[in-house]
Amino acid sequence: MTSPVSVEWPIANGSSFGTFGELLQGRLQPGNRDFLVTLPIARWSTARFQWQPDQELRVEPPGKRKSLELAARMLRHYGCPGGGTLTLSGDLPEGKGLASSSADLVATARAVARVLGVGMPAATIEGLIRPIEPTDGVMYNGTTAFYHREVRLCARLGPTPPMTIVGVDEGGEIDTVSFNRKEKSFTREETSEYRRLLYSLREAIRNGDVTTIGRVATRSSEMNQRLQHKRLLPGLLEICRKAGALGVAVAHSGTKLGILISASDPDHDKRLARVVDECHHISEEITIDHTLNFTPPGEQSIQSAPSLPVGNSRAICRRG
C-alpha cells in the first residue's frame with residue numbers, strides 16, 4: 001500500500017473505447033508469448049465512481065464483479081477508507097469479442113483515480129488489471145500489439161486508417177478468461193507466419209496501407225479457425241471478395257465477424273450498401289462500426305483518458 005491519499009473529488013467519470021475483435025492474434029517466438037493487435041472502434045464503456053466514506057463498495061450493474069474488484073484494490077492500495085458506488089454503462093455487449101470487460105476495467109481505473117487525485121498512466125493500469133484477467137490493450141490510444149495474457153504492451157503501432165466495419169454476430173457469448181486458460185498449440189511454421197504478419201501489419205499501419213491491413217486481418221481470421229471456428233467466415237470471405245472490400249476481421253475469442261471497407265474509398269458508399277445487402281442473407285442483424293481516430297495524437301493522449309473521437313456514428317441495420 002502506498003501512502004494514504006486524500007479524496008480530491010467525491011464523484012468522477014472515466015471512459016475507455018472498445019475494439020472490433022483483433023486485426024491479428026496468435027503466438028510469437030521465442031517465449032511462447034500470445035499476442036493480439038487491437039482494432040479500436042467508436043464504442044465506449046463509461047464508469048462513474050462516487051466515493052462514500054461510510055458505505056461499503058458496490059457496483060451497478062451487480063454483475064460487473066471484475067470492475068468491483070479493481071476499484072476495491074485501488075482503494076486499498078492508495079489507503080483510501082470507505083467505499084461508494086461504481087456505475088458502469090456503455091454500448092459494448094458482453095461476450096462478443098468487443099473488449100467490453102477490458103474497457104470496463106480501464107474506465108473504472110480512470111474514474112477511481114480521478115476521485116483519488118492520482119495519476120493513472122497506461123503502464124499503471126496494466127499492473128492493476130494484471131492479477132484480475134487477460135486484457136486487451138485499450139488503455140493505450142491507437143492500435144497496439146499487446147501481450148494480452150501477460151497484460152503487457154508489446155508495441156504501439158499508431159493510428160489505424162479510417163475504416164468502416166460491417167459486422168455480423170454468430171450468437172451466444174464466449175468467456176474470454178476461460179478461452180485464454182485453454183492450452184493452445186502452435187507449430188513453428190505458424191509462429192513464424194505470425195511474426196511476418198505482425199511486421200507487415202506494423203508497416204501497413206505506419207504507411208496507411210489499408211490493402212495490407214485487410215490482407216493480414218483475413219489471414220489471421222483463417223488461421224484462427226482451428227482454435228475458435230467461425231461458421232460464418234466462409235460466407236463473409238466470399239461477400240468481401242465479390243464486393244472488393246479490404247478483408248475480414250474477427251473477434252478471435254468472441255462471436256463477431258466484420259468486413260473492412262476503406263473510408264477513403266471513392267466507392268465507399270456503394271461498396272458499403274452492397275456488403276450490407278449481401279450480409280443480410282446470412283444474418284438478420286448487421287452492425288456498422290467505424291475505426292476510432294484520436295485527437296490530438298501523442299504520448300499525453302495515450303496516458304490519459306481517451307480524447308473525443310473523430311466520428312463516432314454507429315448503426316444497426318435489420319432486415320425489413
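This is a predicted model: local features need pLDDT of at least 70, side-chain atom pairs count only at pLDDT 80 or more; totals for chains, interfaces and linings use all residues.
Strand β3 covers residues 57–60 and strand β4 covers residues 83–90; the two run parallel and are joined by four bridges.

Next come the aromatic rings. The structure holds three aromatic pairs. In one of them, the planes of Phe35 and Tyr194 stand at 85° with the ring centres 6.3 Å apart, so this pair counts as edge-to-face. The two partners come from distant parts of the chain, 159 residues apart: Phe35 sits in strand β2 (residues 33–52), while Tyr194 sits in helix α5 (residues 188–207). Tyr194 also pairs with Phe186, again edge-to-face, with 5.8 Å from centre to centre and 75° between the planes. Through these ring pairs, Phe35, Phe186 and Tyr194 are linked into a cluster.

How hidden is this cluster? Phe35 has a relative accessibility of 0% and so counts as buried. Tyr194, at 1%, is buried as well, and Phe186 is buried with a relative accessible area of 16%, because the cut-off for buried is under 20%.

Charged side chains meet rings here too. Arg226 lies over the face of Phe186, 5.6 Å from the ring centre. Elsewhere, the charged end of Arg33 sits over the ring of Tyr147, at 3.8 Å from its centre.

Methods
Residues are numbered from 1 along each chain as its sequence is written. Side-chain values use heavy atoms; hydrogens and water are left out. Two strands pair if DSSP finds at least two bridges between them. Rings of Phe, Tyr and Trp (its six-membered ring) pair if their centres lie within 6.5 Å; planes under 30 degrees apart count as stacked, over 60 as edge-to-face and the rest as tilted. Buried means under 20% relative accessible area, exposed over 50%, partly exposed in between (1.4 Å probe, protein chains only). A charge sits over a ring if NZ of Lys or CZ of Arg is within 6 Å of the ring centre and within 35 degrees of the ring normal.
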